[in-house]
Amino acid sequence: MNRLRIKPLERLTAVREEQKLKRQLNAFDLTLLGIGSIIGTGIFVLSGIGAAHYAGPAVVLSFIAAGVVCGLVALLYAELTALVPASGSIYTFSYLTLGEAAAWIMAWNLLLEYTVAASATAVGWSGYAVGILQSLGIQIPESLTKAPADGGIVNLPAIAISLGLTLMLVIGTKTSARANAVLVAIKLGAIFLFLGMAAPHVDTSLWVPYMPFGVAGVWAGAAIVFFAFLGFDALATATEEAKNAQRNMPIAIMASFGVCALLYLAVSATLTGVVSYKSLDTPEPLSFALRALGYQWGSALVATGALAGLTTVLLMTIYGQTRIYFVMARDKLLPDGLAKVHPRFHTPHVITWVAGFTIAAMAGFINIEVLAELANIGTLFAFIFASLGVMILRRTQPDVPRSFACPWIWIIGPAAILGCLYLMSNLPLQTWIRFGVWTVVGLLFYAVYGYHKSPFNARQSKAERPEIPLAARVSEGD
C-alpha cells in the first residue's frame, strides 16, 4: 500500500475546516443536477447524428446498448458514492483503491474530458442562441460567433455563457442548483412537447430498413451516443456537498439515469418514425422534425428547450471539473492555493474561475472538433477503473458499512468492464493515439510535480515517529 500510495478511507473525509465544502444538497436537488448534466447534447443533437451516420432507425438499439453499459457502471458508482462521501469522483475512488498514480491519471483524463465537453457545449449553446436571436430579427456579426479556425475572430456568445455560469457557481452551489432546477423544467417541457406533437405522426414504414448499417453500425452508434450518458460522473463530484450522502447519492444517480434513459429511447424512436433517418444529419434534429411536420412554433419552443438543456449540461460540466481540481489541490497534487474556499459563498472560488476562463478561452478561440473525440475514451477508461475499485474494496474492506451495495457484484463488475472495453474498441484509431499521448504527458507531469509534492513524502519521512491521533494530523494539514 505504501508503494502504491493508497489513501486510507479515513483520510478521505479528514479535511481542514477551511477547505471543507458545505453539505447543502438534498436528494431532489441531486436528482435534478443529474438530469441537468445528462440530458443535453445527447438528446438534442446526437439522436439525429447517430441515426444518420451510424445506426439508422436502430439508433434506439444503440441507446439501449450504451445505456446498459452505463447502467451497470451507475450501480457501481452508487456504491462508491455511498461508501466514500467525499468530492472528486473517480479521482478520489482511485486514490482509495489503486493508489496515487492511478488517481492522477484518472483525474488527468477526466479533466481533459470535462474541459473539452464544456467547451464543445458552449459552442453548441452559441449556435442555438444565435439562431434564436436571428429568428427574432437580431443579427450578430458572424465574425463574433466563430473561432478563428472557422473563419471568425472570436465566439463571443460561447465566452459569455461560460463566464456567466462560472460566476453563478462561485456565488453558490445552492443558487446554481435552483437555477438548474428551472432550466431542467424547461428542457423536460420541450422534450414532452416534442413527444406530444410528433408521436401521433409516427410512420412505421420509416423504420424499414431498421438496421441499414448492420449490427456493426448499431455498436458504432453506441460508442458515439455513449456521450449522452456521461453526466452521472459529474453528479458524483457533488458527493461532498450532499446532505446524507450515503442515502441521497445512490438515489440521485439511479433516479436521474433511469429518467434520462427512458426519455432517450422515446425520443429516438419517435424521431426516426416521423422523418427519414437520412435527413437527420443536423445539429437540431428535434426542431427539424417538427418543422417537417409543419409545427413552426413547436420547433421554436423545442429550440428554446434545447438551449436550456445545453445550459444545464455546461453548468454541471464546469461544476464537475472544478471539484476534481479542488480535491487534487487539497491533496497537494496541485498548488494548495487552488483549494481555497470562499468565506461567504462556501465554494472553491479560485479554481472555479481558473476552470471557467480556460473553458471560455477554448470555446472562444479554438476549433475543438479533434479534441472532442477524446471525451468518450477518457470516460470509458475512468469507468473501468471505477468498476475495478468497487471489486477491490469488496475484498480489502468487506466489513465497512455500505448503505447501498451493488447487487451481484461479481457479475455486474466484470460485465461493466467488458462493456466499456467493447465500446472503446469501436472508437477510431486516431482517438486511441491521441489518448495515449495525452496519458503519457500526464504521467510525466505527475513524475515531475505531483509525486514530489504528495503528502505521502512527508508521511514517509515521519514513518519512525509514534502515531498521533487523526484529528491532530488533520490540524497539521497532513
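Guide: Start with accessibility: a residue is buried under 20% relative accessible area, exposed over 50% and partly exposed in between (1.4 Å probe, protein chains only). This is a predicted model, so local features need pLDDT of at least 70 and side-chain atom pairs count only at pLDDT 80 or more, while totals for chains, interfaces and linings use all residues. Residues are numbered from 1 along each chain as its sequence is written, and side-chain values use heavy atoms, with hydrogens and water left out.

Visitor: Okay, how many of the residues of the protein count as buried, as a percentage?

Guide: Of its 478 residues, 57% are buried.

Visitor: And what does the secondary structure come to?

Guide: Helices (H or I, at least four residues) and strands (E, at least two) are DSSP runs, numbered from the N terminus. Here you get 20 helices and 0 strands.

Visitor: What share of the contacts with a separation of 6 or more comes from residues 24 or more positions apart?

Guide: A contact means heavy atoms within 4.5 Å. In this protein, that share is 84%. Take Ile359 as a case: this residue sits in helix 14 (residues 349–365) and is buried, with a relative accessible area of 0%. Leaving aside residues up to four places away in sequence, Ile359 touches Thr115, Ala118, Ser119, Ser162, Ile318 and Gln321.

Visitor: On to rings. How many aromatic pairs are there?

Guide: In general, you describe a pair of aromatic rings by the distance of the centres and the angle of the planes. Rings of Phe, Tyr and Trp (its six-membered ring) pair if their centres lie within 6.5 Å; planes under 30 degrees apart are stacked, over 60 edge-to-face, and the rest tilted. The count here is 14 aromatic pairs. One of them is Trp104 with Tyr446: the centres are 5.6 Å apart and the planes are at 45°, so this pair is tilted. Trp104 belongs to helix 6 (residues 100–135) and Tyr446 to helix 18 (residues 429–453), so to speak a link across 342 residues. Trp104 is buried at 1% relative accessible area, and Tyr446 is buried at 8%.

Visitor: Is the pair of Trp108 and Trp438 stacked or tilted?

Guide: Stacked, because the planes are at 20°, with the ring centres 4.5 Å apart. Again helix 6 supplies one partner, Trp108, and helix 18 the other, Trp438, 330 residues apart. Trp108 is buried at 14%, whereas Trp438 is partly exposed at 26%. Ring pairs join Trp104, Trp108, Trp438, Phe445, Tyr446, Tyr449 and Tyr451 into a cluster.

Visitor: Which residue meets Glu142 in a salt bridge, and at what N to O distance?

Guide: Lys146, at 2.8 Å. Glu142 is exposed at 53%, while Lys146 is partly exposed at 31%. Lys332 and Asp336 form a salt bridge too, at 3.4 Å, N to O. Lys332 is partly exposed at 22%, and Asp336 is partly exposed at 32%.

Methods:
Salt bridge = Lys/Arg side-chain N within 4 Å of Asp/Glu carboxyl O.
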